[in-house]
Amino acid sequence: MTQILHSLSEKNIQSLCGNVIYQRGKEYFIDKRVRRIRFDGNTVIAEVVGNDVYEVEISGLNSVKKLQELNCSCSCPYEGLCKHVVAVLIHLYKNKTKRGVKNIGLDSVTKDELVQIISTLIKESPSLANRINILTQTRILNQKEIDKKLRSLFSDSIDYKSMNSFIKELNSLKRVILLAAKQDYKRARSIAEQIITHILNPNNYVDDSSGKLGDYLYELLELTTTLVKTDQEREEFTNTFFPIYINEDTGYGDTLGEILIKINKQNLTFLETYCLRHLNQIKTSKTKNKKQNLYRIVSLLLGIYDETNDPDKYIELCKQNLSEYDNMHLVDKLIELGRTKEALQTCLEIKKTRKVSPYILKKIEELKNS
Ligand SMILES: [Zn+2]
């Protein structure tokens, strides 16, 4: 509502038109003769039912400084400020507190005053406190606020005992994502990514022996998959989380790999090409995480080939023997496909050429006996 309507009072309406017209206008208002009020920017238009139906138009709401400067017109024959216009002005005055926060002047109070007002309200009706609590917890925090909250949450070591309250705080952030998702899914996704990045930070000290943070992360990642909608967004998500995935050693790597596949489900060729490109780079590089990186990428590729039901590519990749469990995966896959002879032969070859794991020795026994 505009400043001018905000300053309306019975007294200053009366001073505009005199007592007789004012009383008539007020009767019209009380008789509910004002109807179809609509605001159009600077102007309010209404119908007033008298001997006929008259159209009242009052303009200059946002531009005039004094009430008498308002441009009032009515379709009735009366010259000057008529009872119809007065009825509309009284309607505006009586309803000014119903048209939202601005009408009660909250836009002009300072933050301290607002806190004071809310404290008074809570004293008057204590149940408001709960309601306000929920509203403040689920408002959409800005990026800085979320970052600050996450930093303080993760600054301490989280042990088994403090896990419950830690998850509670994280859940309140998840509610912020859900709220944001209703208005702006990109904003919601960026909040989710902020939280995921914090959880996967290798410098955290979190004792997740209860698995609660892992569960939370999985749910959060699932939620995030619903917020990644276009090819470009899938690519962005992959670019952000692939490097975290291949270096992950906090125990959430498999979860993250699963989600990378899930997000790219509509275009797994993209993810496959992406992985193969990085695989080739890392094969020839000398990074200190080379072993870990190769293991992660091979795992992801094997996951993709399972998803696309492509055992030939799966077997071919295992045979390159790029990472530590490839032999086991190869033997398991051959058995799964019913190629037991080939599986046994592979096991025997592994036994001949390499340091053999107890797993392979066990498989040899099983396969010989089957
Ligand atoms: Zn009139």
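How many residues does helix α17 have, and how far does it reach from its first C-alpha to its last? Hold that question for the later stops.

**Before you start**

Residues are numbered from 1 along each chain as its sequence is written. This is a predicted model, in which local features need pLDDT of at least 70, side-chain atom pairs count only at pLDDT 80 or more, and totals for chains, interfaces and linings use all residues.

**Stop 1: the whole chain**

Show everything as a cartoon. The protein has 18 helices and four strands. Helices (H or I, at least four residues) and strands (E, at least two) are DSSP runs, numbered from the N terminus. The radius of gyration is 35 Å, well over the 21 Å that the globule rule gives for 370 residues, so the protein is more spread out than a compact globule. That radius is taken over C-alpha atoms, and the globule rule is 2.2 Å times the number of residues to the power 0.38. Along its principal axes, the C-alpha trace spans about 115 × 45 × 40 Å.

Of the 370 residues, 26% count as buried. Buried means 20 or more other C-beta atoms within 10 Å of the residue's own; exposed means 12 or fewer; partly exposed lies in between, with C-beta atoms placed from the backbone.

**Stop 2: two domains**

Colour 3–107 as domain 1 and 138–227 as domain 2. These bounds come from an automatic or database domain assignment. Taken over C-alpha atoms, the two centres are 52 Å apart.

**Stop 3: a hairpin**

Select residues 34–40 (β1) and 43–49 (β2). The two strands run antiparallel and are joined by five bridges. Strands count as paired if DSSP finds at least two bridges between them. Asp40 stands opposite Thr43 in β2. Two residues lie between the strands, and Gly41 takes a positive phi near 60 degrees.

**Stop 4**

Select Glu193, in helix α9 (residues 185–199). Glu193 is partly exposed, with 18 other C-beta atoms within 10 Å. Leaving out residues up to four places away in sequence, Glu193 touches Thr224 and Thr240. Contact here means C-beta atoms, placed from the backbone, within 7 Å.

Move to Glu219, in helix α10 (residues 212–225). Glu219 is exposed, with 12 other C-beta atoms within 10 Å. Its C-alpha atom is 9.6 Å from that of Lys174, which is 45 residues away along the chain.

**Stop 5: helix α16**

Select 326–336, which is α16. Show Asn327, Leu330, Val331 and Leu334, which are buried. Seen down the axis, the buried residues of α16 fall within an arc of 95 degrees, so they line one face of the helix. The arc is that of the directions from the helix axis to the C-beta atoms. Their cover includes α15 (311–319), α17 and α18. Just after α16, Gly338 takes a positive phi of about 80 degrees.

**Stop 6: helix α17**

Select residues 340–353. Helix α17 has 14 residues and reaches 20 Å, close to the 20 Å expected at 1.5 Å a residue. The expected span is 1.5 Å times one less than the number of residues. Ala343, Thr346, Cys347 and Ile350 are buried in α17. They cover an arc of only 100 degrees around the axis, which puts them on the same side of α17. Finish by showing α16 and α18 (358–369), against which the buried residues of α17 pack.

Methods: Contact = placed C-beta atoms within 7 Å.
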